Amino acid sequence: MAHVSVDISRRNGTPDAVGCPSCKELLNRAELAKNLQVCHHCGHHFRVGARERVGQLADVGTWSEIAGSLRSADPLEFYDLRPYPERIEEAEYDTGLSEAILVGTCKLHKMDVVLAAMDFAFLGGSMGSVVGERFWRAAETAAESRFPLVVVCASGGARMQEGILSLMQMAKTTCAVEMLGEVPVPFVTVLTHPTTGGVMASFATLADVIISEPGALLCFTGPRVIEQTVKEALPEDFGRAESNLAHGQIDMIVSRPELKDRLVQILGMMEGGVACALEPIWEAEARRGRRGGPFAEALKRIKALANPSGRPSKR
Amino acid sequence: MPTLPGVHLKDEITKISQRIKELGSGRRVDRHVWDKVELARHPKRPYSLDYIQHMFSGFIELRGDRLFADDPAIIGGLASYHGRTIMVVGHQKGRDLAARTRRNFGMPRPEGYRKAQRLMNLASKFGIPVLTLIDTPGAYPGVAAEERGQGGAISSTLMCMARLDVPTVSVIIGEGGSGGALALALTDRVLMLENSIYSVISPESCAAILWKDSDEAQLAAQTLRLTSAELLDLEIIDGVLPEPRGGAHRDHASAARILKDALEENLRDLETAHPRRRKKERHEKFRRMGVWREHGLTLF
Ligand SMILES: [Zn+2]
C-alpha cells in the first residue's frame with residue numbers, strides 16, 4: 001500500500017498564521033479558512049478535514065449524518081508499537097471524528113445528494129471495516145433514494161491494523177458501486193491530496209466522473225515506495241493530478257472554490273438523460289426561430305418535413 | 001514528538017515496554033507462521049502454468065490486452081476440462097533468472113489486469129466458468145505502470161469480477177499480495193492452498209512501516225494473520241486445500257490433482273444456482289466482510 005508523509009505545513013507557523021508550503025507567504029488562518037483553505041497568493045490547496053469539507057459543500061442546515069454510530073473494533077487484536085484501539089482513540093481525540101470517512105445526505109444548491117468525505121488526519125484516511133461499511137451504507141442510501149453519490153477522497157490506502165479485513169474493503173466497496181450502477185445513480189468522486197493505495201484501486205477510480213483538486217497526489221503506489229523498491233527516478237510531477245489528467249486517468253481538475261457549482265452542473269446533466277425528450281428542444285428552438293433569420297427558415301423546413309399536417313406535434 | 005532529529009522517544013518507550021510485556025507473557029515469534037511464508041515463496045513451488053499443465057488436457061493461451069501490450073506476469077486462456085471449457089487466468093512467476101525477469105516476478109502492470117478483464121468478459125459471453133490462480137507479491141510499483149493507471153486497472157478488474165454472470169472460483173496458490181492479488185479474487189469461491197499466504201501488505205513492508213524495523217517481519221507476519229487456517233477462521237476464504245506432504249513443491253502432480261478435485265466440487269455446487277442469485281450471493285459475501293461496532297455491539 002502507498003504511504004505518504006504527513007503534510008506538516010499546517011502545524012508550522014503561529015496559532016493565527018500559517019506558512020504556505022508553495023509560495024512561503026505567511027497566511028492568516030481565519031482568512032485562509034474563509035478562502036476554503038486555498039492560498040490567496042499562489043492558489044495552493046491546503047488539506048481540508050471531513051467536517052470542514054461538508055461545511056464547504058452542503059447547503060446550510062441540510063446535512064444529516066448516516067451510519068455515524070459505527071465504530072472500529074479490533075478483530076485481529078493488532079498491536080505493533082502500540083495497540084490499535086489506542087491509535088483509534090488518539091485519532092478520535094485529534095480529529096473529533098469517529099472514523100476516516102463522514103457520510104450523510106445533504107443538498108448542493110438544493111439538489112439532494114448523498115455526500116461522503118474522507119479525512120486524512122484520521123489514521124491517514126486509511127480504509128478499514130468502518131470506512132467500507134459506511135461507504136456501503138452511503139451507496140445503499142443513494143440507490144434507494146436515487147440521490148447521486150459524491151465522495152471526496154483522501155486516503156493513504158488500507159488500514160494495516162485490520163490486516164486482510166481492510167484489503168477486503170476494496171472488494172466490498174466495488175460491489176457497492178456495482179449496485180449503484182444497476183439503478184443507475186450518478187457517482188462522482190473528488191480526489192484530493194493524497195488519494196493512494198487501496199482507495200485509489202477501488203471506489204475512487206470507479207466513479208462515472210472523476211474530478212481532482214489541483215496538485216493532488218493520486219497513485220496506487222506512493223513515490224517513496226517506488227523509489228525504494230525499483231530504484232526508478234521519478235518525474236517531478238509524478239502522480240500529480242495534472243499528470244493524471246494528461247495520462248487520461250481523470251476527467252478534470254477543478255479548484256476548490258468552483259467545486260460545488262461544477263458538481264451540481266455535472267450531476268444535473270447526468271440526470272438530464274432520464275428526462276430527455278425531443279420535445280423541449282423543439283420548443284426552445286421554435287422560440288428562437290420566431291426571431292427570424294436563416295436558422296428560422298431551416299427550422300421551418302425541418303418542421304414541415306417532420307410534421308406535414310402543420311399542427312405542432314404533442315407527444 | 002521527536003526530541004532530537006531521528007529520535008522518536010514515544011515510539012522507543014512503547015517499543016521497549018512492548019518487549020518487556022512480551023518477555024513477561026512469553027509471547028514470542030511463532031516459527032510456524034514464518035515457515036508458511038517461506039513455503040508460499042518456495043522457488044520450486046508450482047506456478048500457474050504448472051497447475052494448468054497438470055490439470056487440463058488442453059490449453060490455448062490467449063494474449064494481450066488489445067490496448068497497449070501483453071503482460072507476461074498474468075497468463076490466461078481456454079482450458080479443456082472434462083469435455084468442456086474453462087477460462088483460466090493467473091499470475092505467473094518465472095523459474096530461472098531470465099524467466100523471472102521476463103515475468104516481472106509475477107508483478108502485473110495495468111495491461112496484465114486489462115488482459116484478465118478481456119478474458120473474463122470473453123468467458124462470460126460464452127457461459128464459460130472462470131478459474132483464477134493467485135500468486136503475486138503485488139502489483140508492480142513503477143512510474144510507467146502508474147501513468148497507465150495501475151489503480152484504475154485494479155479497480156476495473158474488481159468491477160469486472162463483481163459483474164460476471166458465470167461461476168467463478170479463485171485459488172491462492174502461493175503469495176496473495178495486496179490489491180494486486182485481490183484484483184483476481186473477487187469470486188464466488190475463494191480457496192487457498194494450505195501453505196499459501198494472503199495479506200494486505202508483505203510482512204517486510206508492514207514491519208518497516210509499523211515497527212520501523214524490517215527485521216520484525218516475522219512478528220508482523222504473525223500479527224497480520226495471513227495463513228490459510230487463520231483466514232478461514234476470519235471467513236475471508238471459503239476453503240483450505242491440503243497440500244502433499246512437505247508442501248506442494250514436493251509433488252506438483254498431486255497438488256494439481258487436489259486443486260482439480262476442489263474446482264470440480266465447487267463448480268458443481270455453483271452451477272446449480274441462477275446467475276442472478278449467484279451474483280447476489282457473491283456481493284452479499286463481500287458485503288459481510290469487516291468487523292465493526294454499532295451502538296456498542298460488535299458485529300461480524
Ligand atoms: Zn501560497
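## A helix wrapped up inside its protein

Helix H7 of chain B has 12 of its 14 residues buried, so the rest of the structure largely encloses H7(B). Here, buried means under 20% relative accessible area, exposed means over 50%, and partly exposed lies in between (1.4 Å probe, protein chains only). Helices (H or I, at least four residues) and strands (E, at least two) are DSSP runs, numbered from the N terminus. Among the buried residues of H7(B) are Gln150(B), Ile154(B), Leu158(B) and Met161(B).

This is a predicted model, in which local features need pLDDT of at least 70 and side-chain atom pairs count only at pLDDT 80 or more, while totals for chains, interfaces and linings use all residues. Residues are numbered from 1 along each chain as its sequence is written, chains are lettered from A and ligands numbered from 1 in the order in which they are written, and side-chain values use heavy atoms, leaving out hydrogens and water.

Now let's look at chain A. Its secondary structure comes to 11 helices and 11 strands, and 53% of its 315 residues count as buried.

What lies in the largest nonpolar core? A nonpolar core is a set of buried Ala, Val, Leu, Ile, Met, Phe, Trp, Tyr and Cys residues joined through side-chain atoms within 4.5 Å. The largest one has 139 residues, and those with the most contacts inside it are Leu149(A), Phe203(A), Ile211(A) and Tyr198(B). Helix H5 of chain A (residues 163-182) gives the most to this core, with 10 residues. Leaving aside residues up to four places away in sequence, Ile211(A) touches several others, including Val188(A), Met252(A) and Ile266(A); contact means heavy atoms within 4.5 Å.

Next come the charged pairs. A salt bridge is a side-chain nitrogen of Lys or Arg within 4 Å of a carboxyl oxygen of Asp or Glu. By this rule there are 32 salt bridges over all chains, including these:

| Salt bridge | Closest N to O |
|---|---|
| Asp112(A) and Lys107(A) | 3.1 Å |
| Arg95(B) and Asp50(B) | 2.6 Å |

Arg95(B) sits in the loop between strand S3 (84-91) and helix H4 (97-102) of chain B, and Asp50(B) in helix H3 of chain B, so this pair ties together parts that are 45 residues apart in sequence. Arg95(B) is partly exposed, at 35% relative accessible area. A network of salt bridges also links Glu133(A), Arg137(A), Glu140(A), Lys172(A), Arg287(B) and Glu294(B).
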